[in-house]
Amino acid sequence: MPAAPLEKYVQALGQTLLMVGVSAAIAIAAGLLLAVVLTVTAPQGLYARPRLHKALSITVNVFRAVPFIILLVALLPVTRAIVGTTLGTWAAVVPLSVNLIPFFARIAQVSLQDVDRGLVEAARAMGCKRWHIVRHVLLPEALPGIIGGITVSVIAMVNASAMAGAVGAGGLGDLAIRYGYERYETRVMFEVIVILVALVSLLQFAGERLARRADHRH
């Protein structure tokens, strides 16, 4: 059988970028908000709420412990309710986002918790409101680490999107399965791997450069 034509690669790459782009935007926004809440509600946080913090922490740990392929299947009813279908690129956005929100939240939480407590206490001593401290102290100081977390999360999302492609989500994973595996076109499988490696390398390079810039501003 003939190998996948060029337009198939372009279409698959576009689907992967769409899946990863939309899912990353949702996961980063929701994950960062969750990380801030986890940080400020900790026992020594700005808005100490130990019970809320513990409940959120357990929930995050539960979702992080579930393998993506199981989460993908478990969320089928939710995906159908939100998107109207369980197949296609947009259907993959739901499980990808849910999978990466707790993952990124933990990374961002670590970065926020690593901010020098002296800066927070100095801001409080000057009479800054708590939400001002979050906005003008915690987030700016944690920015390099948060950018690094975004990089790791987006790369993990690229890998997960390839897995989602195996169950009808489209993208490079779907192309590798349909042509590389089912039709025994080893060359297609190899070329998809090369594209994924190049994409991940580009993301890693861009993320490291942004993190360095953010760090130098401090």
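## Crossing of α2 and α5

α2 passes α5 in a left-handed crossing, a term used when the near helix is turned anticlockwise from the far one by less than a right angle, with right-handed used for clockwise. The model is predicted: local features need pLDDT of at least 70 and side-chain atom pairs count only at pLDDT 80 or more, while totals for chains, interfaces and linings use all residues. Residues are numbered from 1 along each chain as its sequence is written, and side-chain values use heavy atoms, with hydrogens and water left out. Helices (H or I, at least four residues) and strands (E, at least two) are DSSP runs numbered from the N terminus.

The axes of α2 and α5 cross at roughly 125° and come within 9 Å. That angle makes α2 oblique to α5. Axes here are lines fitted to C-alpha atoms, for helices over the stretch in contact, and angles run from 0 to 180 degrees between N-to-C directions. Angles under 35 degrees count as roughly parallel, over 145 as roughly antiparallel, 65 to 115 as roughly perpendicular and the rest as oblique. On the α2 side, the residues that meet α5 are His53, Ser57, Val60, Asn61, Phe63 and Arg64. Their partners in α5 are Val98, Pro102, Phe103, Arg106 and Gln109. Contact means heavy atoms within 4.5 Å.

## Overall architecture

The protein has nine helices and zero strands. From the N terminus on, its elements run α-α-α-α-α-α-α-α-α. The C-alpha trace spans about 70 × 40 × 25 Å along its principal axes.

Of the 218 residues in the protein, 40% are buried. Buried means under 20% relative accessible area, exposed over 50%, and partly exposed in between (1.4 Å probe, protein chains only). Among contacts between residues at least 6 apart in sequence, 73% join residues at least 24 apart.

## Packing of α1 and α2

Helix α1 (residues 6-40) packs against helix α2 (residues 50-65) at an angle of about 140°, and their axes are 9 Å apart. The two helices are therefore oblique to each other, and their crossing is left-handed. From α1, Leu34, Val37 and Leu38 meet His53, Leu56, Ser57 and Val60 in α2.

## Helix α5

Helix α5 covers residues 89-113, with 25 residues. From its first C-alpha to its last it reaches 36 Å, close to the 36 Å expected at 1.5 Å a residue; the expected span is 1.5 Å times one less than the number of residues. A kink of about 25° lies at Ile101, shortly before the proline Pro102. The bend at a residue is the angle between axes fitted to the seven residues ending there and the seven starting there. Of the 25 residues of α5, 19 are buried, so the helix is largely enclosed by the rest of the structure.

Not counting residues up to four places away in sequence, Ser97 touches Ser23, Ile26 and Ala27. Ile107, also found in α5, counts as partly exposed at 23% relative accessibility. Ile107 and Gln15 are 92 residues apart in sequence, and their C-alpha atoms are 27 Å apart in space.

## Ser153 in α7

Ser153 is in helix α7 (residues 130-169) and counts as buried, at 4% relative accessibility. Not counting residues up to four places away in sequence, Ser153 touches Leu100, Phe103, Phe104 and Ile107.

Ala12 lies in helix α1 and is buried, with a relative accessible area of 4%. Leaving aside neighbours within four places in sequence, Ala12 is in contact with Gly171, Leu172 and Leu175. The C-alpha atoms of Ala12 and Leu172 are separated by 5.0 Å, although the two residues are 160 residues apart along the chain.

Val40 is in helix α1 and is buried, with a relative accessible area of 10%. Leaving aside neighbours within four places in sequence, Val40 is in contact with Gly45, Leu46, Tyr47, Ala48 and Val134. Val40 and Val134 are 94 residues apart along the chain, and their C-alpha atoms are separated by 8.4 Å.
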